[in-house]
Amino acid sequence: MKSLPILDIIVIALYLIAMIAVGVYFSRKNKNPEQYSSASGSIPGWAIGMSIYATFLSSNTFLGVPGKVFGSNWNAFVFSISMPFAAWVAAKYFVPFYRSTGQVSAYTNLEKRFGAWARTYAVVCFLLTQLARMGSIFFGISLTLQALTGYSMEIIMLITGICIIIYTVMGGIEAVIWTEVVQGVLKTLGGALIIYLVVINMPGGLSKIIEIGQKDHKFSIGSFTPNFTQSTFWVVLLYGFFINLNNFGMDQNYIQRYHTAKSAKEASKSVWLCVWIYVPASLLFFVIGTCLYAYYQVNPAMIEPVKLQVAAERLGIGASSADVRNLAATLLPSDYGDKVMPHFMVTMIPTGLVGLIVSAILSAAMSTISSGMNASATVFSEDIYKRYFKSNISSTQTLRLLHISTIIFGLAGMACGIAMIGVKSILDIWWQLSGIFAGGMLGLFLLGLISKRSGNMEALAATIIGILLIVWMSLSYLIPDQYSYLKNPLHANMIIVVGTLSIFLSGTLISKFKKPALT
């Protein structure tokens, strides 16, 4: 760890002050709940598109993708390739549907179609996964910035969280969107800057990087064989398509943006703009991973501290230096890939530029967290408080409720992030369980949108079938080896695909046996 030079601290402070200033500016316009949650439908499509892009490109992409590529290849880029297919469905069907409902919450329609249980199920899944998502981003950003700045993880979360809460509470969705426009530009330029710094420090330059990447198959996007038990091209394509359908069709973070547009046409344009920016921008971070891999192949001694650190963490405090060195010598790139980019930043980025890179990393985290806070507050207000506690509250009371809810969800996200320091095994279990119960949301939504014959009981039965199937696919690895024939044979990325289709198809099939209503 190291302490940041004063110039870098000034750059970061100016960025944080600018974000707060945006919130202060838009606070003058937030006089009613409609303005706070949907900007009264006044945002241009291009700004919404940039905002959705910034939410997509979280710090998990900024920091996680280069590490994954360092240890493997470009297989995960197929996720980005799948986005245009999901965007076509969203622009043609989802956007017009949500605009026609006039409901700012993505889950109100589920109650109209299937009853209160469907709405409550989706809301609880959304809020819990948002808290886990915000917490994981707080945790990831603090872990990286701790190595870059020398400050404790708790202090980093606290400073970042307070800044996000201030501009999100004061400025509402309009401040979230316009800050994300800036953050989207900043994080993209940050990625390009890292590539430039790696290339100029690389003996042989770009041609050497390409040579090493080709030799070690770093540019592979996966096998094209129709194999669904491994992470092939087709598995990632299907996974990406269904995940992106879920994002565009069931995630309040994105649905809320549709209502901020001036028209349905502008909202549809924003979806396409997000895709056309995200696909090439995400490619930057795959290039970064390949560049770092090549750089440390040429400079193997420079990566030794990272390997020793990982080996020491695995062996624990009581391990001897000889044991640490022996284990470090056996580690593969996939074992320490996540630590490579922070290490490069600490050792190779000059003073002044570190502040810009840290600001870019902060922007990647802040854009996703601010969206989650605003969306969670809106869902809590519309789908929980007004639905179950007090429906007839004034505009002033609703606005106060949104402010308080935003603060609470921001603090809860920070608390989740702090709790994740030292309980990563519990975090892994939580993400698995959240995937189990949230996996049914998309199938339920598609059933309500497409199958007009399906009613309350058909949807409930289909959801139970789908959840049971998802639970089996997710947890079948716990089955003893002597009963291996009962284990899920498919790759883990196929869980959301099978889960979604099982709910939609079983619900549609059950409704075929539904007796027509007597007239």
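Which residues in helix 1 meet which residues in helix 18? In this predicted model, local features need pLDDT of at least 70 and side-chain atom pairs count only at pLDDT 80 or more, whereas totals for chains, interfaces and linings use all residues. Residues are numbered from 1 along each chain as its sequence is written, and side-chain values use heavy atoms, with hydrogens and water left out.

From helix 1, the residues D8, V11, I12, Y15, L16 and M19 meet L353, V354, G355, L356, V358, S359, L362, S363 and M366 of helix 18, where contact means heavy atoms within 4.5 Å. By class, the residues of this contact divide into 11 nonpolar, three polar and one charged; Ala, Val, Leu, Ile, Met, Phe, Trp, Tyr, Cys and Pro count as nonpolar, Asp, Glu, Lys and Arg as charged, and the others, Gly among them, as polar. Helices are DSSP runs (H or I, at least four residues) that are numbered from the N terminus. The axes of helix 1 (residues 6-27) and helix 18 (residues 353-389) come within 7 Å and cross at roughly 30°; such axes are lines fitted to C-alpha atoms over the stretch in contact, and the angles run from 0 to 180 degrees between N-to-C directions. Helix 1 and helix 18 are therefore roughly parallel to each other, a term that applies to angles under 35 degrees, while angles over 145 degrees count as roughly antiparallel. The crossing of helix 1 with helix 18 is right-handed, meaning that the near helix is turned clockwise from the far one by less than a right angle.

The contact is made by T144, A147 and L148 in helix 8, which meet P342, M345 and V346 in helix 17, and by class it has five nonpolar, one polar and no charged residues.

Helix 21 (residues 440-450) and helix 22 pack at an angle of about 150°, with their axes 10 Å apart, which makes helix 21 roughly antiparallel to helix 22. Helix 21 passes helix 22 in a right-handed crossing. In this contact, G440, L444 and L447 of helix 21 meet A459, A462, T463 and I470 of helix 22, and the residues divide into five nonpolar, two polar and no charged. Helix 22 (residues 456-475) also holds L469, which is partly exposed, with a relative accessible area of 26%; buried means under 20% relative accessible area, exposed over 50%, and partly exposed in between, for a 1.4 Å probe and protein chains only. When residues up to four places away in sequence are not counted, L469 touches V498 and S502. The C-alpha atoms of L469 and T500 are separated by 10 Å, although these residues are 31 residues apart along the chain.

Individual positions in other helices were also examined. S405 is placed in helix 19 (residues 395-419) and counts as buried at 3% relative accessibility; apart from residues up to four places away in sequence, S405 touches A377 and F380. I212, in helix 10, is buried as well, with a relative accessible area of 6%. Leaving aside neighbours within four places in sequence, I212 is in contact with M202, Y293, A294, Q297 and V298. In the loop between helix 10 (205-215) and helix 11 (233-250) lies H217, which counts as exposed at 59% relative accessibility. Phi of H217 is near 60°, a positive value in a residue other than glycine.

W46 and W178 form an edge-to-face pair, with 5.6 Å from centre to centre and 70° between the planes; planes over 60 degrees apart count as edge-to-face. This pair links distant parts of the chain, with W46 in helix 3 (residues 45-56) and W178 in helix 9 (residues 153-200), 132 residues apart. W46 counts as partly exposed at 47% relative accessibility, and W178 counts as partly exposed at 23%. Elsewhere, ring pairs link F94, F97, Y98, Y258 and F445 into a cluster.

Definitions and conventions. Helices (H or I, at least four residues) and strands (E, at least two) are DSSP runs, numbered from the N terminus. Angles under 35 degrees count as roughly parallel, over 145 as roughly antiparallel, 65 to 115 as roughly perpendicular and the rest as oblique. Rings of Phe, Tyr and Trp (its six-membered ring) pair if their centres lie within 6.5 Å; planes under 30 degrees apart count as stacked, over 60 as edge-to-face and the rest as tilted.
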